[in-house]
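Here are some notes to keep beside you as you look at this structure for the first time. Take the points in order, and turn the view as you go.

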Amino acid sequence: MKLLAVAVTAILSVSLGWPADLQKRDVDIKAADGTNLKASYFSVGRPGPAMILLHQCNMDRHAWDGLA
């Protein structure tokens with residue numbers, strides 16, 4: 001089911017013609033327990049919906065760069 005959601009999102013992204021000039025920024029997020037989380041933030045430079053993509057155990061956050 002999750003794979004289907006990712007596939008649909010990718011297809012919609014391509015079909016909507018979102019710009020290819022995304023701005024990527026590496027950010028740190030401090031969790032409530034003090035743990036520092038690393039994240040990649042991609043901005044299309046305009047308001048709109050957001051997505052959070054979480055990597056699997058054998059991957060890192062850069063596995064989603066191609067989709068973004």
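**Notes for a first look**

1. Let us start with a pair of charged side chains. Asp 28 and Lys 38 form a salt bridge, their closest N and O atoms lying 3.1 Å apart; the term means a side-chain nitrogen of Lys or Arg within 4 Å of a carboxyl oxygen of Asp or Glu. Asp 28 is partly exposed, with a relative accessible area of 48%, while Lys 38 counts as exposed at 52%. For these words, buried means under 20% relative accessible area, exposed over 50%, and partly exposed in between, with a 1.4 Å probe and protein chains only.

2. Before going further, a word on the source. This is a predicted model, in which local features need a pLDDT of at least 70 and side-chain atom pairs count only at pLDDT 80 or more, whereas totals for chains, interfaces and linings use all residues. Residues are numbered from 1 along each chain as its sequence is written, and side-chain values use heavy atoms, with hydrogens and water left out.

3. How confident is the predictor in the protein chain? The average pLDDT is 76, and 69% of the residues score at least 70; pLDDT is the predictor's confidence in each residue, from 0 to 100. Among the elements, S1 has the highest mean pLDDT (88) and helix H1, residues 2-15, the lowest (63).

4. Now the overall layout. The protein chain has one helix and two strands, in the order α-β-β along the sequence. Helices (H or I, at least four residues) and strands (E, at least two) are DSSP runs, numbered from the N terminus. Of the 68 residues, 6% count as buried. The chain exposes about 6000 Å², with carbon and sulfur atoms supplying 62% of that area; accessible areas come from the Shrake-Rupley method with a 1.4 Å probe, and for residues only the protein chains shown count as cover.

5. How do S1 and S2 run relative to each other, parallel or antiparallel? They run antiparallel, joined by eight bridges; two strands pair if DSSP finds at least two bridges between them. The two form a hairpin with five residues between them, and Gly 34 in the turn has a positive phi of about 95°.

6. How many salt bridges does the structure hold? There are three. In one of them, the side chains of Asp 65 and Lys 24 meet at 3.1 Å, N to O. This pair links distant parts of the chain, with Asp 65 in the segment after S2 and Lys 24 in S1 (residues 23-30), 41 residues apart. Both residues are partly exposed: Asp 65 at 25% relative accessibility and Lys 24 at 40%.

7. Arg 61 and Asp 26 also meet in a salt bridge through their side chains, at 3.4 Å, N to O. Here too distant parts are linked: Arg 61 is in the segment after S2 and Asp 26 in S1, 35 residues apart. Arg 61 counts as partly exposed, at 24% relative accessibility.

8. Tyr 41 is worth a look in strand S2. Leaving aside residues up to four places away in sequence, Tyr 41 touches Gln 23, Lys 24, Arg 25 and Val 27, where contact means heavy atoms within 4.5 Å. Tyr 41 is partly exposed, with a relative accessible area of 40%. From Tyr 41 to Asp 65 is 10.0 Å, C-alpha to C-alpha, for residues 24 apart in sequence.

9. Last, follow the chain out of S2. Ser 43 lies in that strand and is buried, with a relative accessible area of 15%. A polar atom of the Ser 43 side chain lies 3.1 Å from the backbone nitrogen of Gly 45. Val 44 lies in the segment after S2 (36-43) and is partly exposed at 32%. The C-alpha atoms of Val 44 and Gln 23 are 6.5 Å apart, although 21 residues separate them along the chain.

Notes
A polar contact is a pair of N or O atoms within 3.5 Å; within protein, one must be able to donate a hydrogen and the other to accept it, and residues adjacent in sequence count only if both atoms are side-chain atoms.
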